[in-house]
Structure formats: structure tokens, C-alpha cells
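Subject: Structure for you to look at

Hello,

Here is the structure I said I would pass on. Please open it first, then read the notes below it.

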4 protein chains.
Amino acid sequence: MNNKISDCEMLSAGLHEECGVFGMYDLSGKDVASSVYYGLFALQHRGQESCGITVSDTKGPKRKVSTHKDMGLVHEVFTKETLEQMKGNIGVGHVRYSTAGASVRENAQPLILNYVKGTLGLVHNGNLINANELRHDLEYTGTIFQTTIDSEVIAYHIARERLNTDRVEDAVLRACRKLKGAYSLIVMSPRKLIGARDPFGFKPLCIGKRDHAYIITSETCALETIDAEFVRDVLSGEVVTISKDGTIHSDTSLCISQEKEARCIFEYIYFARPDSYIDGVSVYASRIRAGQFLAMDSYVEADLVVGVPESGNAAALGYAMQSGIPYGNAFVKNGYVGRTFIKPKQSNRESAVRVKLNVLKEAVNGKRIIILNP
Amino acid sequence: MNNKISDCEMLSAGLHEECGVFGMYDLSGKDVASSVYYGLFALQHRGQESCGITVSDTKGPKRKVSTHKDMGLVHEVFTKETLEQMKGNIGVGHVRYSTAGASVRENAQPLILNYVKGTLGLVHNGNLINANELRHDLEYTGTIFQTTIDSEVIAYHIARERLNTDRVEDAVLRACRKLKGAYSLIVMSPRKLIGARDPFGFKPLCIGKRDHAYIITSETCALETIDAEFVRDVLSGEVVTISKDGTIHSDTSLCISQEKEARCIFEYIYFARPDSYIDGVSVYASRIRAGQFLAMDSYVEADLVVGVPESGNAAALGYAMQSGIPYGNAFVKNGYVGRTFIKPKQSNRESAVRVKLNVLKEAVNGKRIIILNP
Amino acid sequence: MNNKISDCEMLSAGLHEECGVFGMYDLSGKDVASSVYYGLFALQHRGQESCGITVSDTKGPKRKVSTHKDMGLVHEVFTKETLEQMKGNIGVGHVRYSTAGASVRENAQPLILNYVKGTLGLVHNGNLINANELRHDLEYTGTIFQTTIDSEVIAYHIARERLNTDRVEDAVLRACRKLKGAYSLIVMSPRKLIGARDPFGFKPLCIGKRDHAYIITSETCALETIDAEFVRDVLSGEVVTISKDGTIHSDTSLCISQEKEARCIFEYIYFARPDSYIDGVSVYASRIRAGQFLAMDSYVEADLVVGVPESGNAAALGYAMQSGIPYGNAFVKNGYVGRTFIKPKQSNRESAVRVKLNVLKEAVNGKRIIILNP
Amino acid sequence: MNNKISDCEMLSAGLHEECGVFGMYDLSGKDVASSVYYGLFALQHRGQESCGITVSDTKGPKRKVSTHKDMGLVHEVFTKETLEQMKGNIGVGHVRYSTAGASVRENAQPLILNYVKGTLGLVHNGNLINANELRHDLEYTGTIFQTTIDSEVIAYHIARERLNTDRVEDAVLRACRKLKGAYSLIVMSPRKLIGARDPFGFKPLCIGKRDHAYIITSETCALETIDAEFVRDVLSGEVVTISKDGTIHSDTSLCISQEKEARCIFEYIYFARPDSYIDGVSVYASRIRAGQFLAMDSYVEADLVVGVPESGNAAALGYAMQSGIPYGNAFVKNGYVGRTFIKPKQSNRESAVRVKLNVLKEAVNGKRIIILNP
């Protein structure tokens with residue numbers, strides 16, 4: 001890999017896609033669907049376009065794989081009945097962000113593959129910069145695609161490599177060697193749950209535990225929501241494998257020197273939830289710090305420091321702390337604005353309709369105000 | 001009226017019901033349905049159970065009255081198609097709060113009455129303490145009810161009085177004389193828009209204007225959303241009538257001495273939106289003040305002052321200002337928790353699932369914290 | 001009543017409206033909602049626009065009245081959950097035909113009234129010719145209407161009369177005296193189920209029984225569907241009252257001489273289901289007879305007699321029997337054409353799209369064919 | 001191919017699946033989505049579980065492929081808006097029957113493949129007897145499946161062969177050589193529409209034409225519905241290719257001697273619509289003939305011959321013609337019984353609820369009746 005060239009590309013690769021992934025494996029055999037559901041719910045801020053869950057059973061000879069995925073928010077796509085019908089002690093889930101591209105149901109994840117070694121489920125957060133090359137390579141050797149998402153390219157590489165390897169985690173590793181760009185992915189094989197994070201570590205991925213169940217997911221807030229404890233972050237470049245004996249096997253052969261690692265800065269300042277910790281750093285604290293640094297760097301006199309809700313508030317608080325300028329609120333957010341909010345035709349006069357964010361005139365009138373908008 | 005006795009009753013009367021009302025009359029003849037929709041959207045925090053809009057035309061001999069109402073949020077109940085089919089330059093709308101009682105579609109407002117003088121539309125926010133007596137009086141003289149809501153009692157009294165009066169606003173006034181309790185109501189007659197507020201002024205009601213259109217509504221934030229200017233509050237006990245010539249006729253014969261007036265304090269501390277002004281007082285400023293008073297009254301030493309979002313934040317800010325204790329955030333709210341959030345069966349271990357409000361451990365660890373929860 | 005004049009009007013009165021009504025009273029206290037549902041399902045051909053069910057309990061001091069009604073077919077409007085929540089041993093149901101007029105949810109039946117004597121539920125099939133006069137009379141004495149349907153006029157008259165009578169059935173009788181036109185109606189009072197049919201007997205109404213339950217309904221096919229036995233038809237002009245002791249009280253004071261009676265001929269040839277019996281006459285047999293009479297009256301030479309499905313088939317069979325010309329099929333009906341069938345824009349060439357009824361060329365090519373289309 | 005052994009298997013192969021396929025290619029460039037929709041609507045009797053349409057454009061360098069498919073009836077799955085957004089002059093559609101197996105959205109057709117030569121759309125009616133072997137062969141050479149339907153096996157074989165052939169129709173032919181069992185399939189390539197029928201000709205497939213558009217579909221009734229003229233049946237074993245110049249290229253290298261051909265007899269007696277012609281034989285006439293033969297073979301004395309609607313009626317008519325026993329109707333079908341008809345819990349007494357088919361007692365009482373139920 002020519003890092004000189006690809007570093008820039010790499011950095012930009014992480015920005016296009018924001019998704020949330022969640023995998024869970026209950027070694028004692030309990031159903032995981034409802035926990036995956038809660039986990040996705042906590043990750044909803046990472047993707048509102050589509051979502052899905054796949055579960056299966058690691059026990060018995062006849063595994064049944066159940067998948068439910070659709071366009072919509074987590075609580076819209078899943079009903080109590082749907083979740084209760086999804087039986088199995090291993091599962092993966094995904095929430096997807098609405099990018100400009102093809103927003104169709106076929107592109108929703110998890111992606112499920114049936115091949116000679118059984119069934120694989122895969123969820124992916126990130127953006128490959130060599131996806132087109134990899135896709136073409138596969139196509140010219142006869143591979144057929146049914147979606148337009150990068151995840152299918154990754155999955156097909158894993159399935160191919162699996163034919164030449166003894167263990168599915170080795171196939172994941174071999175496939176990862178070919179990927180360039182940002183990826184945090186979770187693979188569910190018939191009896192293993194595998195997590196992999198790109199060598200730069202662009203996108204977050206962490207491990208949690210609750211009783212006899214292990215979890216791999218994008219953010220620690222998803223662990224808290226299901227009352228699981230945080231075990232550790234997946235390392236940049238690491239492939240972790242959770243097997244039925246409860247061991248977490250780690251392969252670090254893709255890791256690069258720590259100085260070369262890179263983070264998607266938008267995770268800290270915008271994407272992630274403030275109560276999450278990424279690679280040991282509190283998102284909330286990092287936003288406070290960012291505000292403090294800004295105040296040191298670029299102090300201006302003002303009467304009030306305010307943030308644009310919600311992600312700007314912590315930075316504003318940091319700026320206020322550092323500068324001594326009072327912190328305040330300047331905006332009211334209408335919490336009922338949803339994806340389905342309709343916009344009937346209006347006369348020109350009404351084009352300025354402000355339904356989402358209103359200014360608190362009382363708070364701002366006659367004041368010099370610093371606004372932090374991430 | 002025996003105020004000695006009824007004052008207490010009165011105060012409690014206002015608390016049971018929280019609804020939002022919006023009426024609009026465009027003198028130049030433009031359709032108002034989409035503006036009523038936006039207005040209700042801004043009032044959504046006042047009621048999430050059901051909503052509805054009625055529009056009609058003040059011009060021409062053949063008035064058609066269109067009503068659409070159902071259980072659900074404003075953006076769920078109305079589609080672009082529905083709104084575009086609702087033609088008319090006068091209209092009223094309503095959002096209703098889910099009380100413990102009968103939550104059925106028949107109880108949704110506006111209430112529409114057809115009687116000898118034409119059609120009346122009525123929306124109502126409040127709670128009568130003599131509703132049962134009034135209902136019985138009507139029943140014993142042959143009146144038949146189709147719902148169980150107070151608004152029907154008010155509407156039938158208006159319609160009855162209308163037979164003995166020349167003007168519909170006089171019928172409204174006569175009906176109001178019989179009502180005890182909290183009410184802010186808007187009546188849409190074939191050619192007039194009438195607003196009435198109870199003599200104590202428990203519930204807010206204000207007047208706005210945009211070009212040739214007049215608006216009567218619960219909160220000023222609804223005026224801002226449609227870019228209308230605030231004209232004035234409806235007085236406690238006042239009946240205002242907007243006619244086709246654009247005059248606002250005021251009848252204050254029900255007004256009582258200002259010292260006797262009473263406000264529903266929950267409007268300021270909980271119900272209303274912080275960017276609204278009620279009777280000239282900023283809701284946001286009143287919350288700041290409440291926090292300041294609390295700090296003066298009940299100062300305790302602490303490291304941080306936090307509010308329970310969203311309504312507690314302003315009070316916490318006030319407490320922080322007054323006390324000098326730093327203001328901070330301690331909670332992350334999952335903005336995707338909706339009415340339809342399902343709760344699948346969980347193992348006991350998971351009963352503590354925290355989907356709505358998560359604590360920002362980073363912000364609170366090891367600190368003495370004052371929490372303001374309205 | 002001036003019969004000379006009104007007879008003509010009367011005859012036309014019956015044609016405008018086609019609805020289905022079903023009432024049930026289980027004296028042993030069992031829930032009736034699911035039987036009412038099945039009954040309405042059997043009457044679906046009488047109205048596809050809207051439907052509704054109201055049930056209540058005749059026992060105990062605290063009666064709860066549950067109503068569910070909406071636009072749509074019976075199986076669309078009701079879910080298993082809805083039906084299971086509707087508790088009560090007395091109930092009425094209605095299916096409504098889509099007439100040209102106001103097709104809105106507010107006009108769906110049953111109509112529920114709350115008045116001093118309790119709650120009344122009413123369902124109605126027919127068309128009054130003096131509805132406007134009756135409505136005006138009520139309006140000028142202060143009555144307020146919430147719908148535009150005749151049923152509300154009838155219900156309000158019943159409620160008014162109830163204040164001056166000891167028994168609800170007498171109020172129904174007094175109200176019926178004022179009605180001119182076609183009506184078959186069922187009234188559900190707190191402890192009685194009452195059926196009334198206009199003196200001419202335009203619209204069908206019959207009585208059935210299953211175990212300890214009594215049924216009043218439009219057609220006998222609804223009795224068969226719930227495995228109830230036919231007891232007898234309600235007489236023209238009769239008011240029947242089913243009380244908790246299981247007696248069927250009959251009041252025939254509105255009956256006129258049998259020669260003056262009239263039937264809505266469309267019931268026999270078009271509206272009713274062929275397996276129903278109306279006033280002792282099989283609808284199927286009457287259609288066969290009609291075809292036979294036609295063959296006697298208007299014989300023409302032909303190779304084949306066919307009916308336009310479904311209601312034309314029996315008449316064609318009768319014509320074939322009488323004439324000796326073979327009976328056959330000439331049309332294939334697409335059973336999936338529903339109310340929701342969409343019609344996207346087409347080029348002119350496709351304007352002839354035949355989605356509903358296709359001709360069986362094989363059956364008709366080169367043949368002289370008699371088509372019976374009711 | 002060992003026909004001795006496989007013939008039996010072959011015969012049974014055709015029975016498991018009943019689907020409908022429709023393909024259209026407008027050479028003049030007009031959109032075909034609405035015609036495909038009407039075609040599927042006419043084929044709805046062949047499958048009520050799921051349906052789907054894929055369209056694309058044969059012109060210009062940038063082809064966009066639009067697919068919409070879901071569980072449900074044609075008029076439920078497609079809205080006017082959906083159809084209007086589906087632009088393209090070539091398309092395929094499918095209706096699927098609910099078999100006992102996996103009834104999930106992922107199995108709905110058309111199946112869309114992206115591979116090195118572009119995009120293929122495929123719809124399939126039939127049942128392969130060597131699907132498992134073919135699937136295994138592909139899996140062991142690295143192929144990955146995303147569904148469990150035979151169509152995916154066929155499609156992957158076509159895509160594989162395409163890498164070694166110059167023309168897509170040759171790839172279809174090569175793939176067909178490997179298939180054993182019943183198949184009528186339509187393949188949509190970037191610039192061609194290809195139809196293929198198995199050598200035995202189990203399942204119907206025919207060609208139609210309207211102006212500059214060619215159609216390949218399961219039954220002639222779909223041609224009539226869109227006002228297209230019948231051109232000819234696809235031969236057993238034939239692969240037909242419609243290209244942009246309007247030629248229909250035929251490859252018959254898979255055809256076997258006509259005596260060996262076999263038909264799925266259920267098409268004539270049950271599956272197909274009576275107004276369709278299969279291989280030159282009227283389905284309606286074949287049912288009449290079947291009834292006539294039955295009367296010759298197995299005459300019994302009776303008063304009436306009746307059919308179980310709808311498919312039994314024609315046979316009953318044939319029996320009546322031949323035997324001289326009068327034909328009649330004995331059943332009334334409730335046309336509103338749909339897939340969504342709910343069945344609430346009933347008391348035992350009601351277990352006999354007859355909602356779908358009622359007996360015409362008037363027609364059958366006291367009579368000896370011959371019932372023909374296919």
C-alpha cells in the first residue's frame with residue numbers, strides 16, 4: 001500500500017458514509033433480537049434512511065436465518081410481532097444514513113449470503129476508495145452483484161477467500177487486506193461473530209459484554225442502552241473473533257504504527273452521541289475541549305455564547321468556560337419535525353416558514369452573540 | 001359566582017387539559033389550510049393525541065365546510081393531498097393532549113355543528129368545572145350529544161343562544177357567561193372568527209396578523225412559524241370578533257378585576273414553548289427567573305447545575321447565573337423516541353433499559369450536582 | 001298522509017340508498033362483536049364505502065359503549081385486535097354504499113347519541129323524502145346536527161319523543177309516524193334491540209335466532225353466515241322490540257293495507273344476494289322467474305343466452321330454461337379488481353384497456369347471443 | 001438426458017409452482033411500466049403472494065434500471081406515483097404464488113443482476129428438478145446466493161455463460177441446456193428481450209405485439225388486456241430473442257420430438273384463465289370438452305349439474321350439454337373474501353361460519369345434483 005498517496009484519499013473516504021453497526025452473540029443461547037433492536041435504537045442518530053436485523057442460531061443442525069430490513073426508522077420498521085418471531089442467539093443489525101445516491105430497499109443491510117460454507121451476515125460502516133476496482137475484479141471473474149453497496153464487494157471477497165481458508169476469520173482478514181478506505185464491519189458466520197476495523201481506525205468499533213453475551217458495535221452508548229459493560233475498543237487494523245467458548249481471539253497483523261493512524265474527526269464533533277467514548281476519549285469532553293481551544297485561539301468579545309442544538313451545545317459550553325462569557329440558549333428546536341414532515345405549496349410570503357428552529361428573541365435581543373455550529 | 005369557593009376549583013380546572021388552538025381568517029380570500037397546518041405544527045407540544053383542521057369559505061352563496069381530523073401527530077394526520085383539497089379562507093385547527101379518559105377519534109376537534117343559522121366550527125383548550133351540570137341541563141331539555149368532550153357542551157350552548165341573538169358573537173358571550181373554569185376557545189361562523197378567553201385567563205390566547213389575514217391562537221410561537229406579527233393578547237374575559245372588514249371587535253363585559261385573575265402556572269414552567277410570550281411575559285425569561293429565585297431561596301453548594309431536558313434547562317441556567325455555580329449538561333436525550341416506540345418483552349436483566357435519557361458520565365462523575373426537573 | 005301523491009315519490013325514494021344493517025342481542029350475555037362482524041361481511045355487497053359496529057352491555061350499572069367505524073370494506077376497517085376489545089352482548093352494525101354525495105368519515109354509521117335517557121345506537125337503510133323538512137323543523141327548535149345523513153334526523157326525533165314516553169319503543173314508533181319514505185332501521189337502547197320497517201316495506205328486514213341471541217338484519221344471508229335460524233320477516237310498518245326476557249314485542253299500528261305495500265324491485269333484481277329470501281320470496285328464484293317471463297314476453301331466436309356476472313346469470317338461466325336456447329358463459333371477470341385499482345395515465349391506444357370484464361371469444365364467436373344485464 | 005427416468009419427475013416438476021411472467025420491449029422508445037402493470041393485473045390469478053416490475057432503457061449510454069417489488073397483490077404493491085417514476089422502454093414483471101416454503105420479500109421477482117456485461121433482469125415460472133445440484137455446482141466454484149429461489153440459479157448460470165459467448169441469447173441457451181424441469185422464463189438484457197420455454201413445454205409462454213412493442217407473457221389474456229394482438233406461442237424448447245430492429249430470432253436447438261412434449265394439465269383445468277389460449281387450445285373450450293368427456297364416461301342420472309365457482313362452471317356446462325341434464329348454479333361466492341380476511345375467535349357453535357361460499361338452497365332443495373369441482 002502506498003501510504004504517501006493514499007493518506008489523503010483515506011481521510012476523505014471516511015466522510016461520505018455514516019452508519020451504525022451492532023452485533024451480538026449470546027453464548028448461553030438466549031434470543032438476541034430485542035437487544036439488537038435496542039442497540040440500533042441507540043445508534044439511530046448514525047442513520048435514519050433504512051435499518052435491518054438478521055438473527056440465527058449457533059446451536060443444532062438446522063439453522064434458520066431470519067432477516068427483516070426496510071426503509072425507515074428503527075421503531076417504524078420493527079413491530080413487537082416481527083421481533084418476537086426472530087429467533088436466534090447470534091445477530092447483526094444496521095442503521096443506514098441517507099446519502100445522495102441510490103436510496104432503495106435493496107441497498108439496506110444486513111447483507112445475507114448463502115454459499116458453500118453456509119450463510120454469512122454482514123454489516124458495514126465506512127467507505128472504500130477502491131470499491132470500483134474490487135467490484136470490477138470480481139465481475140471479470142464471473143461474480144454477479146445484486147446491489148450497489150460496498151458491503152456486497154466486501155462480502156463477496158470474504159466468501160471467495162473462505163473457499164481457501166480453514167477459518168472464517170482468516171477469510172475476513174484476507175478480504176480486509178484488499179480493502180482501502182474506511183471500514184468497521186461485523187460478520188456473523190454460523191458459529192462466530194467477527195469484527196474488523198480498518199488499519200487507520202477511521203470509524204469507531206468497540207466490544208461489550210452482558211452476562212454470557214458479547215457485543216460488537218459502533219458506539220459505547222449502544223452498550224449502555226442494553227446495560228452491557230464496555231470491554232475495550234477494537235484496535236485499528238484488528239480482526240476480533242468471538243467463538244462459542246467465550247474467547248475473544250485477536251489478529252493484529254493488519255495494524256500499522258500508531259502515528260499513522262487517523263480518525264474521522266466528524267465522529268467527535270458531529271456524528272457520535274456525546275455520551276459515547278471513542279478510543280478512550282469522551283465525545284462530550286472532546287467537544288468541550290474543542291470549544292475551549294477555540295476560545296484560546298479566537299477569543300472575541302461578546303455577551304453570550306450559544307450552540308446550535310444539539311451537537312453545538314457542548315462546544316459552546318467549553319468556549320464559555322474558557323472565555324468567561326456567559327453560556328446561554330438561543331434556539332428552540334421543534335422536536336416533532338420528522339422525516340415525514342410535509343411541505344405543502346406556500347405563497348412566497350410564507351417561504352420563510354420556520355418550522356424546525358426558532359430563535360429565543362428574549363435571550364438574544366440586543367446582545368453580541370457567539371454561535372457555535374459544528 | 002362565589003369566588004371564595006370557586007377559586008380553588010378554578011385553579012385546578014386549568015391543569016387537566018393541555019391543548020392547542022389556532023384560527024385564521026384571510027380577508028383577501030386566500031386559502032388558509034396550509035397556514036393552519038404550520039400553526040398546529042408549532043403547537044404540537046401542546047397535544048400529541050389527535051389533531052384536526054376545518055376550513056370554509058366566507059364568500060359566495062354555497063359554502064362548503066371541509067374537516068379532516070384523526071388520532072396522531074400533525075404530520076401523520078395530514079398529507080399534502082389532504083391539505084390541497086381543503087379550500088377556504090377561514091379555518092380553525094386543534095391539537096389534543098392524551099388525557100387518561102376516552103381517547104377516541106370521535107372526541108377529536110374541531111367540532112362542527114350544523115344548525116338553523118348555518119355551520120359553526122369550534123376548538124377549545126381548557127377544562128370546565130361545571131361541564132356535567134351544563135350537560136345535564138341541556139339533556140333535560142332534549143339535547144343529544146355525540147361526544148364526551150366539554151367542547152360539545154360549549155358549542156350547543158352557543159347554538160342555543162344564537163336562536164335568541166342577532167349576532168353570533170353575542171351568542172358566544174351568553175354561552176361564556178354559563179361556563180365555569182378554564183377555556184380559551186375559537187369559534188368559526190360563516191363569516192366571522194371569534195376568540196374567547198375565560199375571565200381568570202387561565203389559558204393563553206393571542207391575536208396575530210399577516211397581510212390581510214388575522215390569526216387567533218394559543219401561543220405566539222405559532223405566529224412566528226407562519227411569519228405573522230403579534231398584535232396583542234386576548235384579555236382575560238374578552239370576546240374578540242374578526243369580521244370581513246378587518247375590524248377586531250372587543251367585548252369585555254365578562255372581565256373581572258385584574259387582581260382576581262389567575263394563570264395556569266404550568267404554562268410558564270412546563271406546557272408552553274420557551275420562545276412564546278404569554279400576556280407579555282417571555283416563557284423563557286420566566287423560567288430563567290424561576291431558577292434565579294430558587295437559587296436565592298434555596299442555595300446549596302455544588303459543582304454543577306443541570307436541567308432535565310428540555311424544559312428544565314432554562315431554570316438551571318437561571319440558577320447557575322444567580323448562584324455562580326457552573327451550568328452544564330448531564331443528559332443525552334434520544335430524539336427518536338416517539339409515541340410508537342415498542343417495548344418487546346425483556347429478560348429481567350434488561351428491565352433497566354435506558355432508551356430515552358442517558359447520563360453523560362463524563363460530565364457528572366465525582367461531582368455534586370443540582371438537577372432542575374420541572 | 002296523501003298517498004295519491006306520495007306513492008310515486010315513495011317508489012323513487014327507495015332507490016337512492018342501498019345499505020346493510022345488522023343488530024344482535026345475546027340474552028345470555030355473550031359478546032356479539034365477532035358475530036356482527038361476520039354478519040356485515042355477508043352484507044358487504046350492500047355497501048362498500050364505509051362500515052361500523054357499536055356494542056354495549058345490557059348488564060351492570062356501568063355500561064360502556066364501544067364504537068369503531070371508518071371508510072373501507074369490513075375486513076379493512078376491523079382487525080382482530082379491534083374486535084376483541086369490543087365487549088358487550090348487544091350491538092348494531094352497518095355497511096354503507098358510496099352515493100354521489102358527501103363521502104366522509106363523519107357520515108359513517110352506527111350513529112351514537114348520548115341523551116338524558118342514556119345512549120342510543122342507530123343504523124339505517126333507506127331514504128326519506130321528507131328529510132329536509134324534518135331537519136328544518138328540528139333546527140328551528142334548536143337542534144344541532146353534526147352530520148348530513150338522514151339517520152341523524154331519525155335519531156334526534158326518537159330522542160325527542162323519548163322524553164315524553166315511558167318506553168323507547170314508543171319513541172321509535174312516534175318518530176316513525178313522522179318519517180316519509182323508505183327505511184329499515186335498528187335501534188339499540190341500553191336494554192332493548194328494536195327494528196322498524198316503513199309501512200310500504202320498501203327495504204327488507206328480518207329476524208333470526210341463534211341459541212339465546214336474537215338478530216335483526218337486512219338479508220337472510222347474514223343469518224346463514226353466522227349459523228342462525230330465520231324466524232320471520234319484520235312486517236311492513238311493524239316495530240319489533242326484543243327485550244331481556246326474550247319476548248319479541250310487535251307493534252303494527254303503522255301497518256297499511258297489504259295492497260298498498262310496495263317493494264324496491266332492485267332488491268330482487270340487483271341489490272340483494274341470490275341466496276337471500278325477502279318476504280318469503282327467494283331472490284334467486286325471482287331472478288330465474290324474471291328471465292322466464294322475459295322469454296315469454298320477448299322471445300328472439302339466438303344461439304346462446306348469457307348473463308352479465310354476477311347478478312345477470314340467474315335471469316339468463318331462466319330465459320334459457322323457458323326458451324330452450326342453450327345457456328352459456330360469455331364473460332370472464334377479474335376477481336382482483338378492487339376499489340383501490342389504480343389507473344395510471346395511458347396513451348390513447350390503450351384507452352380501451354379491459355381489466356374488469358373480458359369476453360370469452362371461444363364461446364361467442366359467430367353466435368347470435370342474448371345478453372341479460374340487470 | 002435420460003428421459004425414461006426423468007419424464008415422471010418432469011411431470012411432477014410443473015405442479016409445484018404457479019407464477020405469471022410478462023415482458024415488453026417498445027422499439028419506438030415509449031415507457032412500458034403501465035402496460036406491464038396491466039399485464040400483471042390480468043395474470044393476478046397465477047400468483048397473489050408477491051409481485052414486481054423492472055424497467056430500463058435501451059437507448060442512450062446511461063441506462064438506469066428501476067425495480068419495485070413487494071409482498072401483496074398488484075394493485076396493493078404499485079401506486080400511480082411508483083409507476084410514473086419507472087421510466088424505460090423495456091421491462092419485465094412477475095406475480096408469485098404463495099407456496100408452503102419461504103414467503104419472504106427477498107424471494108420476490110424480478111431478479112436483477114449486475115455483472116461485467118451490464119444488468120440482467122429475469123422472471124421465471126416453473127420448477128427445476130435439478131435446482132439443488134445446479135446450486136451446489138455453483139457454490140463449489142465460489143458463487144454466492146442471496147435468495148433461495150430457482151430463478152437465482154438460472155440467472156447465475158446465464159451470467160456465467162455470458163462471459164464465454166458473444167450474444168446474451170446464446171448464454172441463455174447454454175444455461176437452459178443445464179436446466180431440468182419446468183421453466184418459462186423471460187430475460188431482459190440491456191438491449192434485448194429473450195423468452196425461453198423448456199423442451200417439454202410444461203408451462204405456457206406466448207408472444208404478442210402492439211404497435212412498435214413486443215410482448216412475451218404467460219397467457220394470452222394478458223395480451224388482450226393491453227389491447228395487443230397475439231402473434232404466436234413460444235415453442236417448447238424454443239429461445240426467442242427480440243432485438244431493436246424488431247426481428248424475432250428463434251433458436252430451436254433444444255426442441256425435442258413433439259410426441260415427447262408434455263403439458264401441465266392443471267393449466268387447462270385450474271390455473272389458467274378461461275379466456276386464454278395455450279398452444280392454440282382455448283382453455284374455456286378444453287374445460288367444456290372435459291365436462292363432455294366426463295358425461296360420456298361417467299353418466300349418472302340427476303336433476304341438475306353445477307360447478308364449483310369459478311373454474312368448475314365450464315366443465316359443468318359441458319357435462320350438461322352432453323348429458324341433457326339441466327345446468328344450474330348452486331353456490332354464491334362472497335366476492336369480498338380477500339387475503340386479509342380476519343378470523344376472530346369464535347365459540348364452537350360458530351365454527352361452521354360460512355363466509356366464502358354459500359349454498360343456494362332454493363336451487364338445490366330436493367334435487368339430485370352433480371357437482372364438478374376441479
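**What was found**

A315(B) touches R287(B), G291(B) and L372(B), leaving out residues up to four places away in sequence. Please keep in mind throughout that this is a predicted model.

A315(B) itself sits in helix 11 of chain B, which runs over residues 312-323. Is A315(B) buried or exposed? With a relative accessible area of 14%, A315(B) is buried, because the cut-off for buried is under 20%. For a sense of distance within the chain, take A315(B) and G246(B), which are 69 residues apart in sequence. Their C-alpha atoms are separated by 41 Å.

**Where chain C meets chain B**

How many residues of chain C are in contact with chain B? There are 23, and they meet 23 residues of chain B. The area buried between chain C and chain B is about 2000 Å². Carbon and sulfur atoms give 51% of that area. N114(C), I144(C) and Q146(C) supply 32% of what chain C buries against chain B, more than any other three residues.

The count of salt bridges between chain C and chain B is zero. Polar contacts do occur there: six residue pairs across the interface of chain C and chain B are in polar contact, with both residues at pLDDT 80 or more. On the side of chain C that touches chain B, at least two residues come from each of strand 3 (66-71), strand 5 (111-115), helix 5 (131-140) and helix 6 (150-162). Strand 5 of chain C has the largest share, with five residues. By type, the residues on this side of chain C divide into eleven nonpolar, six polar and six charged.

**Helix 10 of chain D**

Helix 10 of chain D covers residues 283-297, 15 residues in total. From its first C-alpha to its last it reaches 21 Å, close to the 21 Å expected at 1.5 Å a residue. At the N-terminal end, helix 10 of chain D is capped by S282(D), with a side-chain oxygen 3.2 Å from the backbone nitrogen of Y284(D).

Which residues of helix 10 of chain D are buried? They are V283(D), Y284(D), S286(D), R287(D), I288(D), G291(D), Q292(D) and A295(D).

**D275(D)**

D275(D) is in the loop between helix 9 and strand 14 of chain D. D275(D) has a relative accessible area of 2%, so it is buried. Its side chain makes a polar contact of 3.0 Å with the side chain of R273(D). Another polar contact, of 3.3 Å, joins the side chains of D275(D) and N358(C). Apart from neighbours within four places in sequence, D275(D) is in contact with V332(C), N358(C), V359(C) and L360(C) in chain C, and with T220(D), C221(D) and E224(D) in chain D.

**Salt bridges**

Over all chains the count comes to 76 salt bridges. One of them joins R197(A) and D279(A), whose closest N and O atoms are 2.8 Å apart. R197(A) lies in strand 8 (residues 193-197) of chain A, while D279(A) is in the loop between strand 14 (277-278) and strand 15 (281-282), so the pair ties together parts that are 82 residues apart in sequence. R197(A) counts as buried, at 1% relative accessibility, whereas D279(A), at 25%, counts as partly exposed.

A second salt bridge joins K87(C) and D31(C), with the closest N and O atoms 3.8 Å apart. K87(C) is in the loop between helix 4 (80-85) and strand 4 (90-96) of chain C, and D31(C) is in the loop between strand 1 (19-26) and helix 2 (33-42), so this pair ties together parts 56 residues apart in sequence. D31(C) counts as partly exposed, at 41% relative accessibility.

R263(D) and E261(D) also form a salt bridge, with the closest N and O atoms 2.9 Å apart. R263(D) counts as partly exposed at 28% relative accessibility, and E261(D) counts as partly exposed at 23%. Finally, R46(A), K203(A), E219(A) and E267(A) are linked in a network of salt bridges.

Regards

Notes. Residues numbered from 1 in each chain as written. Chains lettered and ligands numbered in written order. Predicted model: local features only at pLDDT ≥ 70, side-chain atom pairs only at ≥ 80, totals over all residues. Heavy atoms only, no water. Contact = heavy atoms within 4.5 Å. Buried area = accessible area lost by both parts, 1.4 Å probe. Salt bridge = Lys/Arg side-chain N within 4 Å of Asp/Glu carboxyl O. Polar contact = N/O pair within 3.5 Å; in protein donor to acceptor, adjacent residues only side chain to side chain. Helix = DSSP H or I, 4+ residues; strand = E, 2+ residues; numbered from the N terminus. Nonpolar A, V, L, I, M, F, W, Y, C, P; charged D, E, K, R; others polar. Expected span 1.5 Å × (residues − 1). Buried < 20%, exposed > 50% of the residue type's maximum accessible area, 1.4 Å probe, protein only.
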